[in-house]
Amino acid sequence: MLVPKSRKANLRIFYLSIIAKECSVSTSCCDISTYMTLLFTLKFPNYNTIYMKLNVYQKTALLTIAATLFLIFIGGLVRASGAGLGCPDWPKCYGLWIPPTTAEGLPPQFASEEFNAVKTWTEYINRLIGVLIGFLITLTFLFSFRYRKTKPSVTVASFAAFLMVLFQGWLGGQVVLSGLSEWIITVHMLMAMAIVGVLIFGAFRAVSGDIAIEINRKHRNTILYGSLILLGLTLIQMVLGTQVREAVDTISRGNPDLPRSLWVDYLGVIDAIHRSFSWLVIASSAFLIWYTRKHNVNLYFSRLTYTVFVLILSQVLVGIVLVYFGMPPSFQVLHLFGSAVMISCVLLLVFSAKEANTV
Ligand code: HEM
């Protein structure tokens, strides 16, 4: 339904009454997706939305995307806390399915001096969450069967995510068995982002048609190509970032006594390229904001481009703190997780522009 801004107050009352009605007739009263859809409608009252209840595939896919982003965050914590070899073997941890909490519980073949309960359990919890996500992706794939005839791309994307997560589990093992090889960590990180991307694609295809976003054809094309360029630039920036991270790891491991604040002095040209490339990323997202505002493109796109811009600026700020304030571990985690969230939003922008109804 088309909702003019002036009717915003009346609409709030109208939608709140729908929530009340939904809760009074539904057996699973106060379903979270009902709230999400209606709150979304309240937030974006002046563009087309259709009241929608998410089905089991859509709910599982959204949960899986959030859980996978959370795992990227935990992966960052593992790295920043130096817990990557908290379990020296794989798939077991110190030869056990459940590692001990004290050195006394270690099997005899492992030296107790190397044992650190906090690091071991940090890495072990990381693995447990990885297994949980494996199950969630399997469920997403199974539930996607309902689309195999109507929207086969949803089932294909979910199957691709399923195969990718199997590979990712094996790759996680190779990270440990290689003693944290820099390039295998990079492939592991890129694969995590690829899984998020494929899941977002599947989830978005599944809801496309239910949420109608109307936009002028010319504006749609400009936003689509603009956001594709932005996506390409952010992916290049992410790969450049992984090269900086590889350099950081090589320096910190080769010089254990070198203070963190001096690591950047030895990063070389890749650091300068990564920093400078930020300008291109900023410029292309600033263009999208300028364009959506100048042409008064609908609120959904102008808010989404704004969100992407803010996320990019935050990443630049976090990068500046890393370089000029001695690489605080918490900012390493923020930089990795923030990049994953930002690229997810850019993907959302691309898919929204692609699926939008042109008028
Ligand atoms: C659009 C902006 C940016 C994006 C998307 C981005 C993205 C990334 C990514 C994905 C990584 C790899 C993280 C990992 O594998 O753990 C990284 C690493 C890094 N980036 Fe950026 N970055 C941006 C801007 C900057 C800026 C402006 C600086 C410095 C002024 C910077 C400094 C660094 C440093 C020092 C690392 C290594 C961090 C570590 O070893 O944990 N970044 N960046």
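Student: At what angle do the axes of helix α3 and α10 cross?

Tutor: Axes are lines fitted to C-alpha atoms, for helices over the stretch in contact, and angles run from 0 to 180 degrees between N-to-C directions. Helices (H or I, at least four residues) and strands (E, at least two) are DSSP runs numbered from the N terminus. Here the axes of α3 (residues 56–80) and α10 come within 8 Å and cross at roughly 155 degrees. Angles under 35 degrees count as roughly parallel, over 145 as roughly antiparallel, 65 to 115 as roughly perpendicular and the rest as oblique. α3 and α10 are therefore roughly antiparallel to each other.

Student: What should I know about the origin and numbering of these coordinates?

Tutor: This is a predicted model, in which local features need pLDDT of at least 70 and side-chain atom pairs count only at pLDDT 80 or more, while totals for chains, interfaces and linings use all residues. Residues are numbered from 1 along each chain as its sequence is written.

Student: Is the crossing of α3 and α10 left-handed or right-handed?

Tutor: A crossing is left-handed if the near helix is turned anticlockwise from the far one by less than a right angle, and right-handed if clockwise. The crossing of α3 and α10 is right-handed.

Student: Which residues of α3 and α10 meet?

Tutor: Two residues are in contact if their C-beta atoms, placed from the backbone, lie within 7 Å. On the α3 side the residues include Leu69, Ile72 and Phe73, and they meet α10 residues including Gln332, Leu336 and Phe337. The contact of α3 with α10 divides into 11 nonpolar, three polar and no charged residues. For this division, Ala, Val, Leu, Ile, Met, Phe, Trp, Tyr, Cys and Pro count as nonpolar, Asp, Glu, Lys and Arg as charged, and the others, Gly among them, as polar.

Student: How many residues has α3, and what span is expected?

Tutor: The expected span of a helix is 1.5 Å times one less than its number of residues. α3 has 25 residues and reaches 36 Å from its first C-alpha to its last, close to the 36 Å expected. Just after α3, Gly82 takes a positive phi of about 70 degrees.

Student: Which backbone features lie in the loops?

Tutor: Trp90 and Pro91 are joined by a cis peptide bond with omega of about 5 degrees, and Pro91 lies in the loop between α3 and α4. Leu180, although not a glycine, has a positive phi of about 70 degrees; its place is in the loop between α5 and α6 (182–207).

Student: How do α4 and α5 cross?

Tutor: The axes of α4 (residues 117–143) and α5 (residues 152–177) come within 8 Å and cross at roughly 160 degrees. α4 and α5 are therefore roughly antiparallel to each other, and α4 passes α5 in a left-handed crossing. The contact of α4 with α5 divides into seven nonpolar, seven polar and no charged residues.

Student: At what angle do α9 and α10 pack?

Tutor: α9 and α10 pack at about 160 degrees, with their axes 9 Å apart. The crossing of α9 and α10 is left-handed.
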